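Here's a quick briefing on how this chain packs together. Have the sequence and the 3D view open as you read.

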Amino acid sequence: GRKERKDHRHIPSLHSLSCGRRKSLTKAFRSARATRKSIRDGTDSHRILRLEKLLFKGPSNPSKRKEYEQSVVPWLPGKLVPMCPDCGRKFSVMFLRQHHCRMCGAVMCHDCSLDLVCGAAVQITLPPRLANSMTKRKSREEELEKQMKKLAVDPEYTMRICSHCDSALKETLRSQNALERKHLPSPTTKLYEDMKHEISEIEQDIPIYNEKVMRARVNGSLSMFREAERLNDKLKRSFFELKKLNQIAGSDKLIDPTKQPSSKAVMLSIQRNIREFVQIHSVIMMDLPKQKEIEQVACALREE
């Protein structure tokens, strides 16, 4: 029969093959992971401080921003992450590029990254508006508008972040909102503070108003009349606001009197104070003369 030809070429065994140089990346990976973990596990104040540095500091030139962002948050070396940690797809220069989170420096692909717009980022940096704060309370819209003018980046700039940092920042914002709600003044306290504010304005303006009315009548001064007229409009608005507060205190819209009897007593006290104040100061406040009367006085003084 036909004999098979034997291949006498030498086939090396696996044990004789040289695997080449090997290098373990375990140590570098553990170090990078520890850095990422310490950054991600930071407190709300650490996140806000980091966000403030990224938004309000550093060069405004876009070409220099990346270098500055890496100085604020160290970026994880891309060679340590061959695949996207979120979706598991393998990175490649042509088809799946690497992107870094600006908040923690982690690596992810484009599809797994999220965009944080400037307006939302700035809102997170705003301090909670507490009721016992000694500073003048402003609306969040006013504070946001003020801070947007301080940005070191373009207001249309979007910051690339990972899903973990997105969740952490949302939780920070939720904590701030919960803190604000916890420290919000009670309806009776706010009503009382509004009453005090209007009363203080009226007590301050009436003497000035009366003096300007007297000087306008005596000297025939149209400039004094204009200033008195302006103050008269302001005082009317303040009296109108007091009457509105009186109506609110008399209604049961803010509180349930059956469940909050002490608050109801405060409301009745507010009503009484407003009524007495309006009665007294409406009499103290002088009537505004007609412009024609002032002109006649001025004409008579010129003839003398």
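In this predicted model, helices H2 and H6 pack with their axes 10 Å apart, at an angle of about 110 degrees. Angles of 65 to 115 degrees count as roughly perpendicular, so that's how H2 sits relative to H6.

**The H2–H6 contact**
- The crossing of H2 past H6 is left-handed.
- On the H2 side, the residues involved are Asp-44, Arg-47, Ile-48 and Leu-51, and they meet Ala-168, Leu-169, Thr-172, Ser-175 and Gln-176 of H6.
- Sorted by class, that's four nonpolar, three polar and two charged residues.

**Nonpolar cores**
- The largest nonpolar core has 30 residues, and the ones touching the most other members are Leu-51, Leu-55, Cys-101, Met-103 and Ile-161.
- Two or more residues each come from helix H2 (44–56), strand E2 (107–108), helix H4 (118–125), strand E4 (158–161) and helix H6 (163–182).
- What does Cys-101 contact once you set aside neighbours within four places in sequence? The list is Trp-75, Ala-106, Met-108, Arg-160, Ile-161, Cys-162 and Cys-165.
- There's also a second, separate core of 20 residues, with Tyr-209, Leu-235, Ala-249 and Phe-277 among them.

**The chain as a whole**
- The protein chain has ten helices and four strands, and their order along the sequence is α-α-α-β-β-β-α-α-β-α-α-α-α-α.
- Of its 304 residues, 32% are buried.
- Take the contacts with a separation of 6 or more: 71% of them link residues 24 or more positions apart.

Notes:
Residues numbered from 1 in each chain as written. Predicted model: local features only at pLDDT ≥ 70, side-chain atom pairs only at ≥ 80, totals over all residues. Heavy atoms only, no water. Core = buried A, V, L, I, M, F, W, Y, C linked by side-chain atoms within 4.5 Å. Buried < 20%, exposed > 50% of the residue type's maximum accessible area, 1.4 Å probe, protein only. Contact = heavy atoms within 4.5 Å. Axes fitted to C-alpha atoms, helices over the stretch in contact; angles between N-to-C directions. Parallel < 35°, antiparallel > 145°, perpendicular 65-115°, else oblique. Left-handed = near helix turned anticlockwise from the far one by under 90°. Nonpolar A, V, L, I, M, F, W, Y, C, P; charged D, E, K, R; others polar.
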